[in-house]
Every structure is written in structure tokens, then in C-alpha cells.
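Thank you all for coming; I would like to walk you through one structure this morning. Please have the sequence and the model open while I talk.

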Amino acid sequence: MSARATFKRTSLICAGLFVALVIVIVLMSLLGSEKLPAQSAVCALLSFGKQSCGLTSDQSAILFDIRLPRILLGAAVGASLAVAGASYQSLLRNPLAEPYLLGISNGAAVGTMVALVFLGANEWSRPLLAFIGALLATLLVYRLAQGRTGASPERLILAGVIVTTFLSSAIVFVTTLMDATRIRSFTFWLLGDLSGTTSKLLWLALFIAIAGTIVLTAHARSLNLLMLGERDAFDLGVEVSRVRLVVFVVASLLVGSSVASSGSVGYVGLVVPHLMRLSLGSDNRITVPAAAICGAIFVVVADTLARTLIAPRELPVGAITALIGAPLFVYLLRRN
Amino acid sequence: MLEARNITVKYGVRRAVADVSLRLAAGEVTAIIGPNGAGKSTLLRTLNAGIRPESGEILLDGQALNSISRRAIAKRIGVVAQEAELRFPTTVFEFILGGRYAWATSSAWGWETARDVEVAQTVLRETELEDFADRLMTELSGGERQRAVLARALATEAGLLLLDEPTANLDLAHQAMILALVRKRCDTRQTSALVITHDINLAAQFSDHVLLMKDGSSIAYGSSREVLTPELLREAFDVNVLVDAHPVSGVPRITPVHRSLV
């Protein structure tokens, strides 16, 4: 078992992971169908684009206008989903809780699609409706899972399946309202795709990922007690309903902004928090921030695989994360 | 000190607790006994502000309970409830540090202070769990886990302890050990404790006052000699009992006399 989480230990681990994230971002931006001279690219990246370092303007455009935004978006999405997953798991006392499996991503997807079809001109309507969709799906699945004796792990997952399938039919319904030329890019987006976002949505996703991680880390000690049960948490001084509201709203923001910009990337919120607990212990004060950074690394690497494995064609990143996540889910389910 | 006056709690139309009053003074242990479904646990949760009473008032150190914040209540009331199933690995030390939650200050950024760690180590010693500090809660035996739960309640340094069957499922030695710990805390720190138990002899041995409940009502409330009489116990449990003096301590000793055996 790992040592007790303290401020010092947590800071050291997070600083180390952050350095790893920066290295991963730099390395992954060198990979792709267009070969970039490594030394020049690293030099240009580390100067934040101020110096060309011998890159041609085409190479510079590939690096800064195509690859870097996509990588940063991947980092934001990975951090958001991992933090949302870790928080849901603690709050719902269920190691299997995950935004994608609970249907929360689908709720956000329905919101995004409604915005695209009916409010297509307004870019901000997408994350806003995605947030509302995620929040409604969260409340719905929470209600469905509450039995007379509280939510059992299996009951919660079952409620997630019901919400997912219901919302999937809503997605099919909205898809039929779209014109045929957009349907293909749409199905791709639904599976999780980081290629088609705008710079506004990228900045929004980055901002929400960072702010959401900070807010949920600040509630981590309350989440530690909620992990033991709502009654225990209440007895020890946690304002349970307030913390629950904060987690539902902030996690919905995290899921909403990721889905609005990149569709439903599945299993990140399951794989990453699980690995964090395995290696660092269950204390959310370390699990939540570490999950944010490792979630970013996970999705950035998965997306690099998605765009290089069968280059010049691309896979949706959600296909890669599901390939890793689904077997882990089976393992966790069996162990429970 | 906690004082409850004429507490009534309703679940729908059913009165789970009906017009119960009690007073928990510093340094005293009060036991609640009564048959299953008598409203003992409901009363305990009501005294901890977990359930809002239909009528009556509860004063904690002279202040109305419903006017005190959750965190402030948790600093003054430590609870041992029937435990929930653990689904995430937690070490004994982390678990006990949970009792320090209400004492967190914003200047410590939500981290335990040196004092929190010191308090946790003290209660670990008191409950003889030092060797288990780094073990997982799920690896403990029933008796060890129950001690850890009590240790967490002691770590709150609350002046009032509410204990819901803290000795359930424990063997003879561990039952006495848990209650001796509670008794010692009350004697040395002027803590008051309210203990729900099904073991009437244990209640007689460790408590100053006994509250006997049935169907939500208080049948008797007073010293163990006043409450633990054959008449009152028959009224509550519908069982004939023999009451004599404990050969060592002299407190009332209760022996059920089952009809089939007479």
C-alpha cells in the first residue's frame, strides 16, 4: 500500500506528472503523417512559436495550427473526463461509475446535436446545451439508481444502460433531421473525434478542464468521506447535499465541454482513476489532480495512435480508448 | 451537554419516536435499551440532526441544534453508526483521520495538521490499533474494525458520543473493551455518551442512566436500579426476567426466564 497523501507528496507527484505531460505533448506533436525535423520543432515549441527555428511556414502551420490545438484539446478532454470519472466514483461509491457508461456523455451529445441542428449559427450554444444535457442525464441516472437501500453498484450501471439506450434513440432521431452530407462526420464525432473543433471551443475546454480540476480537488477531502458512505460523511461534518450538487454541476460542465468539442470519448474516466488508485492510493486529494494530468497524457497518446496507426486515414480516438477500457471494465466487474 | 425535550419523529403517519425527553450531562453514560423497532436508532439520528423531529426541541450546549452548522455539530458530536460496506481501499490511519474532517481550517488547504496526526495517533494507542495503522480496513477482523470505527469517533474530540450498537457482533472480551474505552473517555474528559445496546447486563455495568423504549415511547428513564426492574423489563420485552445483584460490582444483573424452561 502506498504512503499517506500529504501536501508535500501530492505536490511532488503532480509536478513530476506535469513534466511528463509536457514531454508527451512535445513528443506527440512531432509524430504524424508529415515528418517534422525534431530539433527545430522542439525549439519552435519551447519558444511558444516566437522563433521559427528553421521550420518552413508550412511545417510551422502543421505544428501550431493543426497538431498542437488537437493535442491540447486531447489533453483538456482527457483531464476533464478522468476528473469527472474520479468524482462520480467517489460520490456514488462505485468504482465502475464513468461518464460514458452512465449515459452522461450521451446526454451531452444530445444537447450538442440539438444545438447544431436548431442553433447551428451560435457556437456557444453547443457547450451550453451539452452541459444541460449532461446535468439532466446525471440527475436522471442518479434518481433511477436510488433503491430503497441506496444505490448498489450493479443498479447504477443498469440505470446507466437504460439512460444510454434511451438517449441513443434520441440521437438517432436528431440525426435523421440532419442533411445527409453531414451524417458521416457526425457518426465519427459521436465516437469521439478530436479533429474538428474551433479555437473558441478549445480555449473553453482548456479553461473548464483546469478550473473544474481545481474546484473538485478543493472538495477532495469531502469526497474521501463520501466514499465511505453518505451517512458517515454526514456524521463527520460533510454538507452532503451541497457537495453532491457541486460535483454534479462541475462534472457535467467537464463532460459537457469535452463532448461539445470532441464527442463521446469513452472509458477515460474509468481507466485513469483506477490506475491512480492502484498506484497512489484512494485519497482524492491526490487521485483527482493526478487523474487530471494522467487523463491528459492518456488521451493525447491515444489520439496520436488514432491519427498515425493507419495513416493517412484516421480512427476516432474513442475507438482506441474503448479498446483499452472495455477489457478493464470486465476485469473490475468480475473482481467486484 | 445535550438536552432533548418532548421529541416526536414521524415516518409518514407512524410515530417512530413519541414524546421522548432526555438529558446527557458531562461525564455520564446513558444507555438506550428496548426491543427491535422501538425507535432507538431513529432517536439517535435525530439527536445528531440527521432527522428533523416533528415536534420538540434539542439543545446542544444550550444552543438550538437546528441553528448549528453541520461542521460545528460534527466537532461536538462523535458518532458510531452501523457501518457501511467499504468499496475503496482505505488504510486504518486514513480512516481514523476522517474524524478530523470538521476541524480542517482553510489555512491548511484541506490537509491534516500536525495536531490532527497527533490526535489520530493518540486514539490509535487508546484503542490498541497502533500495529494496524497501515493495514487496509477490509483486512481487519470484526472486532478490530469496530475499534477503528470507535477510534474515528474519539478522534473528533467531541464532548458527546452517540453510539449505535457499538458492540454488535463482538465477542465477550471485545464488548467489554469497547465500553470500557467509552467509560474511560467519559470519566477522564468529561465526555458524555449515549449508547444503544441489546445487552442489558452490559448497559447495567457501564451506564449511569438507562432509557427504556418501546414503540417509540420512553417507558422508563432513570438510574439502572430504577429502570432495570422485572416489571418494567417485562412490559418492554414481554419476557419474564430475574433481577439480582451482580456478585462483583453489585449492579443489577438480568437473567431472562423463558417459559419453556420453567
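Let me begin with a question: in what kind of contact do the side chains of R70(A) and E314(A) meet? They meet in a salt bridge, at 3.2 Å from N to O, where a salt bridge is a side-chain nitrogen of Lys or Arg within 4 Å of a carboxyl oxygen of Asp or Glu. R70(A) lies in helix α3 of chain A and E314(A) in the loop between α13 (284-308) and α14 (317-335) of chain A, so this pair ties together parts that are 244 residues apart in sequence.

Before I go on, a word on how to read this. It is a predicted model, in which local features need pLDDT of at least 70 and side-chain atom pairs count only at pLDDT 80 or more, whereas totals for chains, interfaces and linings use all residues. Residues are numbered from 1 along each chain as its sequence is written, chains are lettered from A and ligands numbered from 1 in the order in which they are written, and side-chain values use heavy atoms, with hydrogens and water left out. When I name helices (H or I, at least four residues) and strands (E, at least two), I mean DSSP runs, numbered from the N terminus.

Back to our pair, then. R70(A) has a relative accessible area of 9% and is therefore buried, while E314(A), with 33%, is partly exposed; buried means under 20% relative accessible area, exposed over 50%, and partly exposed in between, with a 1.4 Å probe and protein chains only.

Over all chains, a search of the whole structure finds 22 salt bridges, and I will mention a few others. The side chains of E230(A) and R244(A) meet in one of 2.9 Å, N to O, and this pair links distant parts of the chain, with E230(A) in helix α10 (residues 230-235) of chain A and R244(A) in helix α11 of chain A, 14 residues apart. E230(A) counts as partly exposed because its relative accessibility is 32%, and R244(A) counts as buried at 19%. A further salt bridge joins the side chains of E239(A) and R242(A), at 3.5 Å from N to O; here E239(A) is partly exposed at 38% relative accessibility, and R242(A) is partly exposed as well, at 42%. There is also a network of salt bridges linking R4(A), R221(A), D283(A) and R285(A) with E112(B).

Let me turn to the aromatic rings. The structure holds three aromatic pairs over all chains, and the rule is that rings of Phe, Tyr and Trp (its six-membered ring) pair if their centres lie within 6.5 Å, with planes under 30 degrees apart counted as stacked, over 60 as edge-to-face and the rest as tilted. The rings of F7(A) and W111(B) have centres 6.3 Å apart and planes at 65°, so this pair is edge-to-face. The pair crosses between chains, from F7(A) in helix α1 (residues 7-30) of chain A to W111(B) in the loop between α3 (92-97) and α4 (114-126) of chain B. F7(A) counts as partly exposed at 41% relative accessibility, whereas W111(B) counts as buried at 10%.

Another pair is formed by Y100(A) and Y267(A), whose ring centres are 5.8 Å apart with planes at 55°, so the pair is tilted. Y100(A) sits in the loop between α3 (57-91) and α4 (104-118) of chain A, and Y267(A) in the loop between α11 (240-262) and α12 (268-280) of chain A, so to speak of sequence, they are 167 residues apart. Y100(A) is partly exposed at 31% relative accessibility, and Y267(A) is buried at 12%.

Finally, please look at chain B, where strand β7 (residues 160-164) is mostly covered, five of its five residues being buried. L160(B), L162(B) and D164(B) point one way from β7(B), and L161(B) and L163(B) the other way. Strand β6 (residues 77-80) of chain B pairs with β7(B) in the parallel sense over four bridges, and β7(B) pairs with strand β8 (residues 192-196) of chain B, also in the parallel sense, over five bridges; two strands pair if DSSP finds at least two bridges between them.
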